[in-house]
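Here's a walk through a structure, meant for someone meeting it for the first time. Have a look, then read on.

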Amino acid sequence: MLQLVLINLFRNPLRSALTLGSVLVALFLYSSLGAVLDSLQATADSGSRERLATRHAIALTNFLPYDYKDRILSIPGVKRVCTQVWFGGLIGGQRQRITQFAVDDDFWPMYTKDLQIVEWSEPQVAMSVPPDHDPHLAAYHAERTACIVGRGVMKKKGWKLGQTIHLQGTRYRGGWDMTIRGVYVKLPGGSWNEDLILFHNEYLVEKGMGGKPSTGVFKVELSDPSQSAAIATQIDAMFENSDNATKTESEQAFGAGFISMFGNVPFALRVIGLAVVFTILVISANTMVMAVRERTSEIAVLKTLGFTDGAVFGMVVAEAAILTTGGGIAGALLAKFGLQGKPLAFIPAMTITWATVLTAILIAIGLGMVSGFIPAWQASRLRIVDALRRVD
Amino acid sequence: MAWIEVSDLRKVYQRDQQQIPVLDGLSLKIEEGEFVALMGPSGSGKTTLLNLIGGIDSPTSGDISVAGTNIARLSGAELARWRSNTIGYIFQLYNLMPVLTALQNVELPLLLHKMNGAERRKRATFALELVGLGDRLGHYPRQLSGGQEQRVAIARALVSDPKVLLADEPTGDLDRKSGEEVLQLLERLNTEFKKTIVMVTHDPHAAESADRMVHLDKGVLSA
Ligand SMILES: Nc1ncnc2c1ncn2[C@@H]1O[C@H](COP(=O)(O)OP(=O)(O)OP(=O)(O)O)[C@@H](O)[C@H]1O
Ligand SMILES: [Mg+2]
C-alpha cells in the first residue's frame, strides 16, 4: 500500500516537486529564523548562573576603578574576581568578527572548566605559574605582549603558534603587537566561543590607559553559588554612594541583557516563521485537494475492491505527509549544515540546535497531516456510487 | 436459501427535495453457479440493483443475502471486508489505475489479504495468464487495447477468487471482436471455475452467453 502511495506521488512529478520545493524553502526559512534565535540564545546562555558580573550602573561602556576588585574580594563568599575589558581592535585594518579582551591573571583559573589550552609555547626560561593556573600558560605569563587565541580564529586567519599579530587600536590608540603563546578550545558547556583573542590586562593598562587601570566588567566567582543573589546585592550596596555605582547580576543575565538590546526581534521572527508555515499549509493542502479530486473514480474503485474508508484516509494523509516531511527534512538539514558556523549580520557564528532542526521536521510532518486531513476526509467519505456515476 | 436472494428490495434516491424511486419491492433469486444476464431500458435500475447486490450501495428497505450473508445489515467496514472476499466487480469503463501496470492492477485486491509479495505476484500472474495476457504483465493501461484493458479488469476481479462476479455492461465499450472475447472469458469462468455471474447488458447477443435473462423495467422484474 505504501508502494501505491509512492506511485501516486510520482503521477504528477512537477506538482509534487513544486510542493516539496515550497515546503523545503519554507522550512529552510523557518530553521534559519530559528537559527537566529538559537544564536541569540547561545549568546545569552554563554554565561554561568553561578558567577556574577559587575558593571557600571549607568552603561556597559562606562568604566569602573580597578581597585573595586579588592573591595569585592573582601566580601565573604567571594572566591575570585577577574577583570575583562573589550578592546575592539582592527585586524588587517578591518573590523573582524573576532573579539579581543584584555583580562587579568585571575581570568584563567576562573574559566578552567570553560576553556582548555590545547597548543602552547614553551617558556624561554623555566617559569613557575601560580598554583591554580594551567601550567601550559607559562610562556604567556612570562611575556607581557603574549596572547591566547581561540582555535576558531587560528583556523580562520591561518595563524601559527608563536606568530606575532598586529592589531590596530580603535578606542585605544596605536598599533598593538602580540605574540600567540597558546591556543584554546571551548570545553563542552563552557562559556565563550572560539573566536576570541585574550591578552594581558597589564599591557592594555600600560600602553592604553596611561598606567591608570580601570575595567569594564568584573567577573565574580563565589564559593557558594546559592548565595549569588545576596552577594550581588551586597556588592551593589557597597558602591551605591560612590561616583561609580555598580550593577551586579548573574553572568547569564548579563548575556541576556545584551540580547534584550534586540528588543522584539525574536518575537517578530517567530511570527514571521509561523506565517510562512501557515502559507505552506494552505499550498500543500491545495495540492492534496487537487490530487484527490482528480482521482475520485480511482478512489471509488479502490473502495469497491474492499479498501475501507480508513485505509483510503490513511493513504491520502500518508501521501501528504511524505511530501511535506521530505521537504521539511531537506529544508531543515540544509539550514543546519548550510548555516552552522557561518556569520550573519551581528551574529559571528550561527548556531542551529538539533532541537530547532527537529522542531522544523515535526512541523513538516504536522503540516502534512493537517494539509492531508481535509482531502483525506473527503476521500474517505466519498460514496462509491456517486463517484462512479460522475464518470459515466 | 438461494445463493443470491433479494427480497422486497426498495431503493429510493433523494435528490434535493425530490424522491426518485428506482427499485420498488423487487425480489430475485439466483442459484450458485448461475450466469444471469440483467437487461432492461436505460434508467430502469440495472446498475442500481447490481450495486446493491455487490454491497457498494445500501437499500432503502428490504434484504439482500449473498452466499449466506445478509449484507443489508453490515456496517461500512464489514461490507468492505465482505466485498474483498466475496465480490469481483467488472466495470463498463474498465476503471484500471492508469499509473499501475497490468500486474500491479491485478495485485491490488490482494493487498487486502494476508500474503507476501511473491505469493501476490504469483497469483496475479496466474490470473493474467488465465485471461490471455500473460505477455502483458508490465504494460500500462494506456499501452493496451480496450479489450485487453477489460480482460485485465476481469483478472483483477477474479484474482482473490471471489464467489460472485458482477459485471456492468462489460462489453458496452468494446468492438464486436473484443466483446466476444470478453463474453467467452466470462462463460469459461462460469463453466470451468463455477463462478456465479450477474451481468448487466443492453446487447441481446451478449445476453445469450448467459443461462438466464432477467428483465428489469421501471424498477420491477418482468418475465
Ligand atoms: N446516486 C444517484 N442519485 C440520484 N439518482 C440516481 C442515482 N443513481 C441512479 N439514479 C437514478 O436512478 C435511476 C436508475 O439508474 P441506474 O443507473 O440504475 O439505471 P440503469 O438501468 O443502469 O441505466 P443505464 O442502462 O443507462 O446504465 C435513474 O433514473 C438514475 O437517474
Ligand atoms: Mg447502468
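On chain A's part, A:Thr304, A:Leu305 and A:Val385 supply 27% of the area that chain A buries against chain B, more than any other three residues. As for who takes part, 21 residues of chain A and 23 residues of chain B are in the contact, where contact means heavy atoms within 4.5 Å.

Before going on, a word on the ground rules. This is a predicted model, where local features need pLDDT of at least 70 and side-chain atom pairs count only at pLDDT 80 or more, while totals for chains, interfaces and linings use all residues. Residues are numbered from 1 along each chain as its sequence is written, chains are lettered from A and ligands numbered from 1 in the order in which they are written, and side-chain values use heavy atoms, leaving out hydrogens and water.

What holds charge against charge across the interface? The rule finds one salt bridge between chain A and chain B, that is, a side-chain nitrogen of Lys or Arg within 4 Å of a carboxyl oxygen of Asp or Glu. The side chains of A:Arg383 and B:Asp57 meet in a salt bridge at 3.2 Å, N to O. Three elements of chain A give two or more residues to the side that touches chain B: helix 1 (2-9), helix 11 (296-305) and helix 14 (384-391). Helices are DSSP runs (H or I, at least four residues), strands likewise (E, at least two), numbered from the N terminus. Helix 11 of chain A has the largest share of that side, six residues.

Now for ligand 1. Its surroundings count 15 residues, and the closest are B:Ser42, B:Gly43, B:Lys46, B:Thr47 and B:Thr48; to count, a residue needs a heavy atom within 4 Å of the ligand. Residues from chains A and B surround ligand 1, so the site is shared between chains. From chain B, a polar side-chain atom of B:Lys46 lies 2.7 Å from an oxygen atom of ligand 1. From chain A, a polar side-chain atom of A:Asp386 lies 3.3 Å from a nitrogen atom of ligand 1, and an N or O atom in the side chain of A:Arg389 is 3.1 Å from a nitrogen atom of ligand 1.

Conventions. Buried area = accessible area lost by both parts, 1.4 Å probe. Polar contact = N/O pair within 3.5 Å; in protein donor to acceptor, adjacent residues only side chain to side chain.
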